[in-house]
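Please look at chain C with its sequence and coordinates at hand.

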Amino acid sequence: MAIVSSLDAGTGELTIKVKGRFDFSAHQEFRDAYEKVDSVPGLYLVDMAETTYLDSSALGMLLLLRDHAGGDSAQIKIANCNSDVKKILTISNFEQLFDID
Amino acid sequence: MSDQPHLDTEALEELRDVMEDEFNSLIETFITDADKKLVALKEAIDANDASEVGKVSHSFKGSCSNIGAPMLSDLCRQSEDKGRDMDISGIQPLFDQIQAEYLQVKELLSQQLN
Amino acid sequence: MEDDSGSLKILIADDNETDRMILQAIVKKQGHAVVTASDGLEAVERFIEDQPELILLDALMPNMDGFEAARRIKELAGEDLVPIIFLTSLKDAESLAKCLEAGGDDFLSKPYNRIILQAKINAFRRMRNMHLTLQQQRDQIVIHNEHLLHEQETAKAVFDNVAHSGCLDSPNIKYLLSPLAVFNGDVLLAARKPSGGMHVLLGDYTGHGLPAAIGAMPMAEIFYALTSKGFTVEEIIKEINSKLKNILPTGVFCCACMLDIEFREREMKVWIGGLPSCVLYRSETEERIELASNHLPLGVLSSDQFKVKMQVFEVSEGDRVFMWSDGIHEARNDQDVMFGEDRLMDVFDQCKRPDQLFDDIQHSVEKFLGEAQRDDDITLVEVRIPNEEEVEELPEETIDVSDKGPMDWFLDYRLNPMSLKYFNPLPFVLQLITEVPGLRRCSGQVYTILAELFSNALEHGVLKLDSALKKNPQGFSEYYDLRSKRLENLEDGFVEFQLEHIPTDTGGQLTVVISDSGDGFDHQAKIKTDGNVQYCGRGIPLISTLCRSITYQGVGNKVEVVFEWHYQQTGS
């Protein structure tokens, strides 16, 4: 599990890439990725291209991100999910809260 | 072998430093113990007890090396080997050598007393 | 930083007095305390009496040699680290190996070198200190762990009192739930409704341990309290969501499935959010219907955003609903392969006998996991639609003549459009009625009567719905959709309750009049044609059996029900 993040100064979009298993061990790093930024992002992209697995604590982390990013007014996209990840997000109906690709 | 000194003065100085006031006591203890060891060794040879010869020689070898008497220690090693090999026939000359070397060492040590 | 400080108590065991003196001097000069022994036996005795922390041991000694002494000392030391440095002029590998085998940790050869000995002593001192620290930390962890386990037991005891098993032991429910499931976040609740039906709730909290268990308690309280008071499944699930949203931190939530089963009406409503799809298995057609999660889990959305849309089904006797948490899907065998949804659905497809499905699922998982794996993380529930005889009568509370309460009163309560849209009056009215001591034990029957008549008044009278629509499966959902829509758009209409209670010689009498703004129906004609009191095709023979009388008045949009209760005879 590794978290890589980059902030596009021009668009104000923070991309957080999760590699490997997205589970409880990612907790601190994921949080640091969106809290320890030089400037406040306007929108977020969680890139799951290399995410192999997602569990309920990862769902919790996404909710924390949403809360941090403004709750209902947050703009968060979740992209490049493989079928397993997509399935978990679907069962939880997270498309009601996030823009899922 | 024969170019080894009777006493390793450097080692002895180390001991003097370590023992401080106890230095003399140490030398005296060594001498008393060594006298006893020689008697025991002689008895073992006379009794033709190779095993005992080995044990006594081993013990004496140890304290000789600690006190800084390398040649004496080496002679004891030879005696120990013979004893362990269970062949102490013809060990008498070696015993005489040990005894002679010991007398030398004993003399030199007495001179070293504080 | 390593701990270099501290002087040690060191045991010097050597049969040669000269050697002993030298070692003692070196060691004391380093600041340590010394005890001595001149043979193996004495060495062991000194160890027992003086408890030295490090030992310098001559290999060859009389009475008991160093090897044997080392073995005994190491045994006596147990799990404590007491380093043994062998003093030896033995040089061959075999002898040195023997030293190590006997328990020796290091060697020091003659002539003794002060620097080397001191360095070794320092190294072992550091090691000893580290070892001690580890032991202390380990002991602390053990104590801590015991405390945690004890706390968990206490928490579980409290939880069991709050959550109790409700009616999980009903003959129509089968379940697999590990005794510590609540600490895995799994909760299973079941309760009979006052009208006779049943609510079942399966919850799966995120997280583990106490935090997961804590959320389960208010959920259980709300579930049992509101079910017994006659609140609807929508009201209950909404209330639970509110509570959890308030008390759970962001990121913690509860995936859940709640069933509302009306035995008599043969209807089932399902709310499912975040749990993997459940299954409704039709006994007659052997059809497997997937009940998919269509909501976010509980505790995520605020009250105003929370959605209560239920999936509604007609059910027949023998139909079965299967619910599970994701423990089954995620169970892994020793090749690290997950059991998964496909295997689970296969069990249904290969089913030969519906009544064995529960066992089949369990066996299938066990077989997949193999011998070594435990399956006590599995939560599995089967709720079968029972026939009426099977369903136990709800136990009656006893009442005493000396119980006092409101015996003579009258209430007129009219609900206009906004109230009809946003409020369910039944729990409140029921609450009021059951303040009468004698009616407390009949709350189930009273609730059934009120619910039936109110539902008729609202749906047929005010919303003008035709229950004939519910005859076929599509019509079923259509009916409920239409009901929602018409209620949402309601602008005129009312339902009115007029309740009166008077004491009688033997107990009391409750009169309930429910009227609505609808057109009524020709009740006289109905009675003439088939002799039964039917109202829009739905029979209310039950009400007839419970009440002393039931009469329709006016154009049929007003119904009066008289209900009697009696004090229990002493001795009966």
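C:Leu411 stands opposite C:Leu499 in strand 17 of chain C. The model behind this pairing is predicted. Strand 16 of chain C and strand 17 (residues 495-503) of chain C run antiparallel, and 7 bridges join them.

Both strands belong to an open sheet of 5 strands in chain C, in the order 16-17-18-22-21. The pairing in this sheet is antiparallel. Strand 16 (409-415) and strand 21 (549-553) of chain C are the edge strands, each pairing on one side only. On average, neighbouring strands of the sheet are turned by 15 degrees against each other, direction ignored.

Which helix lies across strand 17, strand 18 and strand 22 of chain C? That is helix 14 of chain C. Strand 18 spans residues 507-516 and strand 22 spans 558-566. Helix 14 of chain C runs at about 15 degrees to strand 18 of chain C.

**The helix pair**

Helix 14 (residues 443-462) of chain C also meets helix 12 (residues 426-433) of chain C. Their axes come within 10 Å and cross at roughly 140 degrees. The two helices of chain C, helix 12 and helix 14, are therefore oblique to each other. An angle must be over 145 degrees to count as roughly antiparallel. The crossing of helix 12 and helix 14 of chain C is right-handed.

Helix 12 of chain C contributes C:Leu426, C:Val429, C:Leu430 and C:Ile433 to the contact. From helix 14 of chain C come C:Ser443, C:Val446, C:Tyr447, C:Leu450, C:Ala451 and C:Phe454. By class, the residues of this contact are 9 nonpolar, 1 polar and no charged.

**A buried strand**

Is strand 8 of chain C largely enclosed or open? In strand 8 (residues 198-205) of chain C, 8 of the 8 residues are buried, so the strand is largely enclosed by the rest of the structure. C:Met198, C:Val200, C:Leu202 and C:Asp204 point one way from strand 8 of chain C. C:His199, C:Leu201, C:Gly203 and C:Tyr205 point the other way. Residues on both sides are buried, including the charged C:Asp204.

Strand 8 of chain C pairs with strand 7 and with strand 9 of chain C. The table sets out these pairings.

Strand 7 and strand 8 of chain C form a hairpin, with 5 residues between them. C:Gly196 lies in the turn and has a positive phi of about 110 degrees.

**The chain as a whole**

Chain C has 17 helices and 22 strands. Of its 572 residues, 39% count as buried. Take the contacts in chain C between residues at least 6 apart in sequence: 67% of them join residues at least 24 apart.

**Contact with chain B**

How many residues of chain C are in contact with chain B? There are 16, and they meet 18 residues of chain B. Helix 1 (residues 17-29) of chain C gives the most to this side of chain C, with 8 residues. By class, the side of chain C that touches chain B has 7 nonpolar, 3 polar and 6 charged residues.

Definitions and conventions
Residues are numbered from 1 along each chain as its sequence is written. Chains are lettered from A and ligands numbered from 1 in the order in which they are written. This is a predicted model: local features need pLDDT of at least 70, side-chain atom pairs count only at pLDDT 80 or more; totals for chains, interfaces and linings use all residues. Two residues are in contact if their C-beta atoms, placed from the backbone, lie within 7 Å. Helices (H or I, at least four residues) and strands (E, at least two) are DSSP runs, numbered from the N terminus. Axes are lines fitted to C-alpha atoms, for helices over the stretch in contact, and angles run from 0 to 180 degrees between N-to-C directions. Angles under 35 degrees count as roughly parallel, over 145 as roughly antiparallel, 65 to 115 as roughly perpendicular and the rest as oblique. A crossing is left-handed if the near helix is turned anticlockwise from the far one by less than a right angle, and right-handed if clockwise. Two strands pair if DSSP finds at least two bridges between them. A residue is buried if 20 or more other C-beta atoms lie within 10 Å of its own, exposed if 12 or fewer, and partly exposed in between; C-beta atoms are placed from the backbone.
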